[in-house]
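Thanks for making time. I have one structure to go through today, so let me put it on the screen.

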Amino acid sequence: MNAPVTRAVLLAAGRGTRLGEVTRTTPKPLLRVGGEPILHRILGALRAGGVREVAIVTGHLADLVEDATGDGRRWGLSLTYFRQESIDGTARALLLAREFVARERFFLGWGDIV
């Protein structure tokens, strides 16, 4: 039997350029859907699914994402942040969290897709 997945990596670094002015000052993960930021909805769902530790890769307006989301206690999670200083692709973003996931099974998702 496989061990449960208790770690996740969420990619939340992109600029959301297709949304134009909407994401110039608000990062896409913090856009509200149903009154709650997309990223926060995802964190709640991950916790409900048994995840306990989440690495969030930030980039565009990283400080806003990190400040609004905090340490994860409100969801019963432990959060770790990694900054993608140069937005240069999904694979490179995931590589930032390679030590976090080590050789464990983990969930990979995007922090800005409902």
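I will start with the overall fold and then go through some charged side chains.

First, a caveat: this is a predicted model. The protein has 4 helices and 6 strands. Reading from the N terminus, the order is β-β-β-α-β-α-β-α-α-β. The radius of gyration is 14 Å, close to the 13 Å from the globule rule for 114 residues, so the protein is as compact as a globular protein of that length. Along the principal axes, the C-alpha trace spans about 50 × 30 × 20 Å.

If you take contacts between residues at least 6 apart in sequence, 72% of them join residues at least 24 apart. The accessible surface is about 6700 Å², and carbon and sulfur atoms account for 52% of that.

Now the helices. Helix α1 covers residues 38-48, and its buried residues are Ile38, Leu39, His40, Ile42, Leu43 and Leu46. Just after α1 comes Gly50, with a positive phi of about 100 degrees. In helix α2, residues 62-69, I would point to Glu66. Is Glu66 buried or exposed? Its relative accessible area is 16%, and the cut-off for buried is under 20%, so Glu66 counts as buried. Leaving aside residues up to four places away in sequence, Glu66 touches Thr58, Tyr81 and Arg83.

Next, charges. There are 16 positive and 12 negative charges, and their mean positions are 5 Å apart. Searching the whole structure gives 9 salt bridges. I will show three of these.

One is Arg7 with Glu104, where the closest N and O atoms are 3.7 Å apart. This pair links distant parts of the chain, 97 residues apart: Arg7 is in strand β1, and Glu104 is in the loop between α4 and β6. Arg7 is buried, at 15% relative accessible area, while Glu104 is partly exposed at 39%.

Another is Glu21 with Arg24, with a closest N to O distance of 2.7 Å. Here Glu21 is exposed, at 56%, and Arg24 is exposed too, at 53%.

The last one I will show is Glu36 with Arg41, at 4.0 Å between the closest N and O atoms. Glu36 is partly exposed at 28%, and Arg41 is partly exposed at 36%.

That is what I had for today.

How values were computed:
Residues numbered from 1 in each chain as written. Predicted model: local features only at pLDDT ≥ 70, side-chain atom pairs only at ≥ 80, totals over all residues. Heavy atoms only, no water. Helix = DSSP H or I, 4+ residues; strand = E, 2+ residues; numbered from the N terminus. Rg over C-alpha atoms; globule rule 2.2 N^0.38 Å. Contact = heavy atoms within 4.5 Å. Areas by Shrake-Rupley, 256 points an atom, 1.4 Å probe, with all protein chains shown as cover. Lys, Arg positive; Asp, Glu negative; His and termini not counted. Charge placed at Lys NZ, Arg CZ, Asp CG, Glu CD. Buried < 20%, exposed > 50% of the residue type's maximum accessible area, 1.4 Å probe, protein only. Salt bridge = Lys/Arg side-chain N within 4 Å of Asp/Glu carboxyl O.
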